[in-house]
Amino acid sequence: MARSGEHQLLLGEWACLGILYPAPAHGFAVAARLKPEGDIGRVWSLSRALTYRSLDQLALRGFIQPVGEEPGIAGGNRTILAATRTGRARLRSWLGSPVPHLRDLRSELLLKLVLAERCELDVHPMLVAQRARIQAMADGFAAQADGAALDVVNLWRDEASHAALRFLDRLLAEA
């Protein structure tokens, strides 16, 4: 996945930043949460190597920083990392913005929702904006389908957009 801007992060990097947002942790603990069976990994998982690479990228951008050390289980010290003020602000901004593409709802939106819940951040305004965006997409898919021959891609997008609207409506109703 290409980065669209100098400060654009990959989903794995957002996941690491979201894990560090509420409390400092060492890389091994972050990696454990990103395993497929981890609380964040069930939405977006990363190998340990990619987790450490993501942490390095976040540190290079000034979004996380070392704040201490603790003894490791197998010897050596583990570096404790924490989100910086800039990193925390960037995460809040990212969590507050709707996902631009329907195809990214399963990965990006779900990751945003899980991280926001963990970080105790209100994403209600983002959900309202996300619903409006998906509704506009759904209206466009329906308009394309009127009188046209069956197009399986458009049919998929139409069905996916309606499923997304039901999901968002349920979240908004329960908020």
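Predicted model: local features only at pLDDT ≥ 70, side-chain atom pairs only at ≥ 80, totals over all residues.
Residues are numbered from 1 along each chain as its sequence is written, and side-chain values rest on heavy atoms, with hydrogens and water left out.

Secondary structure was assigned from DSSP runs, with helices (H or I) of at least four residues and strands (E) of at least two, numbered from the N terminus; two strands are taken to pair if DSSP finds at least two bridges between them. On this basis the model contains an open sheet of three strands, in the order β1-β3-β2, with antiparallel pairing. The edge strands are β1 (25–26) and β2, each of which pairs on one side only. In general, strands of a sheet pair through backbone hydrogen bonds, either parallel or antiparallel. Strand β2 (residues 64–71) and strand β3 (residues 77–83) are joined in the antiparallel sense over seven bridges, and within this pairing glutamate 70 stands opposite arginine 78 of β3. The hairpin formed by β2 and β3 has five residues between the strands, and glycine 75 adopts a positive phi near 100 degrees there. The pairing of β1 with β3, also antiparallel, extends over two bridges, and histidine 26 has isoleucine 80 in β3 as its bridge partner.

Serine 161, found in helix α7, is buried, with a relative accessible area of 0%. Contacts were defined by heavy atoms within 4.5 Å; leaving aside neighbours within four places in sequence, serine 161 is in contact with Leu102, Ile134, Ala138 and Phe141. Valine 128, which belongs to helix α6 (residues 124–145), is partly exposed at a relative accessible area of 41%. Leucine 121 is placed in the loop between α5 and α6 and counts as partly exposed at 22% relative accessibility. When residues up to four places away in sequence are not counted, leucine 121 touches Tyr21, Arg92, Leu95 and Ala116, and its C-alpha atom is 9.1 Å from that of glycine 96, 25 residues apart along the chain.

Side chains of opposite charge can pair when their charged atoms come close. With a salt bridge defined as a side-chain nitrogen of Lys or Arg within 4 Å of a carboxyl oxygen of Asp or Glu, the count comes to four. One of these links aspartate 39 to arginine 33, with the closest N and O atoms 2.2 Å apart; aspartate 39 is partly exposed, with a relative accessible area of 33%. Another joins the side chains of glutamate 108 and lysine 112 at 3.7 Å, N to O. Because these two residues are four residues apart in helix α5 (residues 105–119), glutamate 108 and lysine 112 are separated by about one helical turn. Glutamate 108 is buried at a relative accessible area of 14%, and lysine 112 is likewise buried at 0%. A further salt bridge connects glutamate 174 with arginine 170, whose closest N and O atoms are 3.1 Å apart. Glutamate 174 and arginine 170 are also separated by about one helical turn, because they lie four residues apart in helix α7 (residues 152–174), and both glutamate 174 and arginine 170 are exposed.

Patches were built from residues with over 30% relative accessible area and no salt bridge, like charges being joined within 9 Å and nonpolar side chains (Val, Leu, Ile, Met, Phe, Trp, Tyr) within 5 Å; accessible areas come from the Shrake-Rupley method with a 1.4 Å probe, only the protein chains shown counting as cover for residues. A nonpolar surface patch comprises Leu150, Val152, Val153 and Leu155, with about 400 Å² of accessible area together. Valine 153 lies in helix α7 and is partly exposed, with a relative accessible area of 43%.

With a disulfide defined as a pair of cysteine sulfur atoms within 2.5 Å, the count comes to zero. Cysteine 16 is in no disulfide, since the nearest cysteine sulfur, that of cysteine 119, is 12 Å away, too far for a bond. Cysteine 16 is buried, with a relative accessible area of 0%, and cysteine 119 also counts as buried, at 8% relative accessibility.

How values were computed. Buried < 20%, exposed > 50% of the residue type's maximum accessible area, 1.4 Å probe, protein only.
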